[in-house]
Every structure is written in structure tokens, then in C-alpha cells.
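Subject: Handover of a structure and its findings

Dear colleague,

Please find below the structure that I am handing over to you. My findings follow directly after it.

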Amino acid sequence: MQDVHFNEEVLMELLEECGDGLWKAERYELIADIYRLIIPIYEQRRDFEKLTHLYDTLHRAYTKVIEVMHSGKRLLGTYFRVAFFGQGFFEDEDGKEYIYKEPKFTPLSEISQRLLKLYSDKFGQENVKIIQDSGKVNPKDLDSKYAYIQVTHVTPYLDDKELEDRKTDFEKSHNIRRFVFETPFTVSGKKQGGVDEQCKRRTVLTTTHCFPYVKKRIAVMYQHQTDLSPIEVAIDEMSSKVAELRLLCSASEVDMIKLQLKLQGSISVQVNAGPLAYARAFLDDSSAKKYPDNKVKQLKEVFRQFVDACGQALESTRDLSKKISRSTTTR
């Protein structure tokens with residue numbers, strides 16, 4: 001390193017500064033990895049005052065990990081796919097896609113307006129348009145007089161094997177390079193239809209590097225699309241409901257309001273869309289014959305899991321109600 005006096009002391013300062021940065025970024029789990037590099041040097045120096053400070057910080061970091069895992073209130077970023085169209089404006093960037101990482105919970109409208117202002121200042125307000133539709137864009141359908149920016153909300157994507165190893169929210173949000181978004185469609189060409197005709201296209205994007213990264217955006221390297229048929233959409237939606245109910249029931253501190261809202265949306269007889277609609281469309285004797293036997297069997301199994309999850313949720317709600325009732329009576 002030219003013109004820099006770099007020694008062990010400077011390294012210590014930079015590593016401690018890195019630890020402070022990780023604290024501010026709420027990535028408490030990583031602080032120990034940094035301190036493992038520092039602690040042996042301070043032990044060799046017998047610098048017990050520094051060691052006391054480091055171990056105290058580690059204690060507070062792990063306490064914070066427990067706190068945010070229980071509360072579920074730590075947000076480690078929101079992600080968007082941003083694509084640019086317009087050779088006359090973006091030149092080499094024309095047709096390129098990026099994943100943007102935004103802090104905590106950033107709404108789609110906020111990043112859209114920010115990008116619109118940024119490029120309006122550069123190209124002129126009358127020359128820039130935002131595409132908020134997530135569907136595939138055909139550049140030939142676009143007017144070459146304008147610069148187009150397509151913004152789509154995406155979420156981190158992990159396959160079943162990865163999810164076996166990544167148990168915590170932090171692990172599911174760290175070192176990630178695949179992201180997913182879904183686009184509804186029907187065979188007739190409409191976006192929305194009845195449950196027996198509603199399909200969806202799942203698009204998985206892979207970036208050149210992993211997030212977190214030194215930059216807030218990373219280029220998309222390639223993408224993979226999968227089309228789900230109506231019965232596959234039903235299986236996917238029902239599986240998500242089962243996972244949500246089980247997650248709420250398994251929390252160390254069950255959120256009564258969230259659980260009741262989820263139950264109400266799942267088992268209320270007034271809810272026509274969702275589980276009841278799927279059962280009528282795909283599991284009735286007259287309807288089931290239209291679909292592949294293996295898919296019907298899979299949907300039936302998911303419904304069994306759903307009923308079981310609803311039963312657990314009802315038991316949790318009953319137990320919580322009893323606790324609240326006893327607490328009120330004691331007072």
C-alpha cells in the first residue's frame with residue numbers, strides 16, 4: 001500500500017471500526033467473526049482493558065440477537081429489480097437489470113420516485129417514464145423518444161436445501177444472490193381470473209455478487225422462469241398459508257393479534273377466495289378429474305397439513321385466551 005503507514009495498530013483500529021459498523025447495520029451475528037481476529041492480539045499484549053470492552057460488546061451483541069429474534073422487528077433490507085430501456089439515453093446500460101438494496105422497509109413508490117427524479121434531472125423530466133408492471137418488457141414496443149425504468153419489488157430466494165441450513169431471519173438475509181418475483185396471468189391473456197384459470201410466472205434472478213455488498217446495486221447475471229398452472233398455484237398458496245401458521249405458532253412469544261387475523265382469513269366461512277375456493281375448484285369429484293392425479297393428491301396432502309396447522313393455531317389461541325383471562329382475574 002503506497003503512502004500509507006500500515007501496521008498492527010492501524011489494523012486493530014480498522015477492525016474495531018468494522019465492528020462498530022456491523023452494530024449500526026444491526027448485523028450483530030457477524031461481530032464475533034471480527035473480534036476473533038482482534039482478541040488474540042490483545043491477549044498477547046495483556047491488554048485486559050481492551051479485552052473487557054470487546055467481551056462486553058460481544059455480550060451485548062448476542063443479547064441483541066436474542067431480542068430481535070423474539071421481536072421479529074429487525075429489517076435487514078428491501079430489494080428491487082430495476083431495468084433500464086432506451087439506447088439513446090442509457091447507452092451501454094440499455095436492457096440491463098440490477099438488484100437494488102434499500103434500507104429496512106422501503107416502499108416501491110419511494111424508490112420509483114427517487115429514480116424518476118435522478119434520471120429526470122439527467123435527461124429531462126419529459127423524457128423519463130417509470131414502468132411499474134412486473135411483466136416482461138419487449139423493447140420493440142417502447143417509444144425510442146423516452147428513457148424507461150422498470151421497478152419491481154423482489155424478495156430473497158432460497159431453495160429447500162438452503163432453507164435446511166439457514167434457520168434464522170439473519171441467515172436468510174445474508175450472503176444472498178438469488179431473488180424472486182411473481183407475475184399473475186391467465187391463458188386467455190388477462191392478468192386476473194377465477195382460481196381455476198389463474199396462473200403465475202415465477203422469475204428467479206441471480207446476481208453477479210452476494211448482498212450485502214460494497215455497492216447498493218448488483219447486476220443481474222441471469223434469470224430463470226417457471227410457469228405454475230392453476231392447481232400448482234393453489235398448492236403453492238396453501239403451502240405458504242401452512243408455513244405462516246406454523247411459524248406464528250412456533251414463536252417463543254405468540255403474537256395473538258397476528259394469529260387471530262391469520263386464522264380469520266383461513267377458516268372463516270365468509271372467505272370465498274382462498275382455501276374454500278381452492279377446495280371447490282380442484283377437489284370436488286367433478287372437478288378433480290380435470291387435473292393430473294399427482295397434483296390433486298399433492299393438494300389434498302397440503303389441505304391435511306393446513307387443517308392440522310389451523311388446529312394448532314386454535315389451540316394456541318385458546319391457551320393464550322386462558323392466560324389473559326387468569327391474568328385479568330388475578331388483578
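Rings of Phe, Tyr and Trp (its six-membered ring) are taken as a pair if their centres lie within 6.5 Å, with planes under 30 degrees apart counted as stacked, over 60 as edge-to-face and the rest as tilted. Ring pairs of this kind link Phe 84, Phe 89, Phe 90, Tyr 98, Tyr 119 and Phe 123 into a cluster.

The model is predicted, so local features need pLDDT of at least 70 and side-chain atom pairs count only at pLDDT 80 or more, whereas totals for chains, interfaces and linings use all residues. Residues are numbered from 1 along each chain as its sequence is written, and side-chain values use heavy atoms, with hydrogens and water left out.

Aromatic pairs

By the ring rule, the count comes to 15 aromatic pairs. Phe 282 and Tyr 291 form one that is edge-to-face, at 5.1 Å centre to centre and with 70° between the planes. Both Phe 282 and Tyr 291 are buried, where buried means under 20% relative accessible area, exposed over 50% and partly exposed in between (1.4 Å probe, protein chains only). The rings of Phe 303 and Phe 306 have planes at 80° and centres 6.3 Å apart, so this pair is edge-to-face. Phe 303 and Phe 306 both lie in helix α11, 3 residues apart, or about one turn of the helix; each of the two is buried. Helices (H or I, at least four residues) and strands (E, at least two) are DSSP runs, numbered from the N terminus.

Nonpolar cores

A nonpolar core is a set of buried Ala, Val, Leu, Ile, Met, Phe, Trp, Tyr and Cys residues joined through side-chain atoms within 4.5 Å. The largest such core has 25 residues, and the members that touch the most others are Met 238, Tyr 278, Phe 282, Leu 299 and Phe 306. Two or more residues of this core come from each of α7 (230–250), α8 (256–267), α9 (275–282) and α11 (293–330). Helix α7 gives the most, with 9 residues. Leaving aside residues up to four places away in sequence, Met 238 touches Pro 275, Tyr 278, Leu 299, Val 302, Phe 303 and Phe 306, contact meaning heavy atoms within 4.5 Å. A second, separate core of 21 residues includes Leu 22, Tyr 35, Ala 61 and Phe 170.

Salt bridges

The structure holds 25 salt bridges, each being a side-chain nitrogen of Lys or Arg within 4 Å of a carboxyl oxygen of Asp or Glu. In one of them, Arg 45 pairs with Glu 9, the closest N and O atoms being 3.1 Å apart. Arg 45 lies in helix α2 (residues 31–45) and Glu 9 in helix α1 (residues 8–24), so the bridge ties together parts that are 36 residues apart in sequence. Arg 45 is partly exposed at 33% relative accessibility, and Glu 9 is partly exposed at 37%.

A local case is the salt bridge between Glu 67 and Lys 64, with the closest N and O atoms 3.5 Å apart. Both Glu 67 and Lys 64 lie in helix α3 (residues 48–71), 3 residues apart, about one turn of the helix. Glu 67 is partly exposed, with a relative accessible area of 45%; Lys 64 is partly exposed as well, at 26%.

Arg 217 and Glu 93 also meet in a salt bridge through their side chains (3.2 Å, N to O). This pair links distant parts of the chain, 124 residues apart: Arg 217 is in strand β7 (residues 217–228), and Glu 93 is in the loop between α4 (87–90) and β2 (97–102). Arg 217 has a relative accessible area of 26% and is partly exposed, as is Glu 93 at 21%. Elsewhere, salt bridges that share partners join Glu 182, Lys 200, Arg 202, Asp 236 and Glu 237 into one network.

Pro 292

Pro 292 is placed in the loop between α10 (285–288) and α11. At 44% relative accessibility, Pro 292 counts as partly exposed. From C-alpha to C-alpha, Pro 292 and Ile 34 are 53 Å apart in space, and they are 258 residues apart in sequence.

With kind regards
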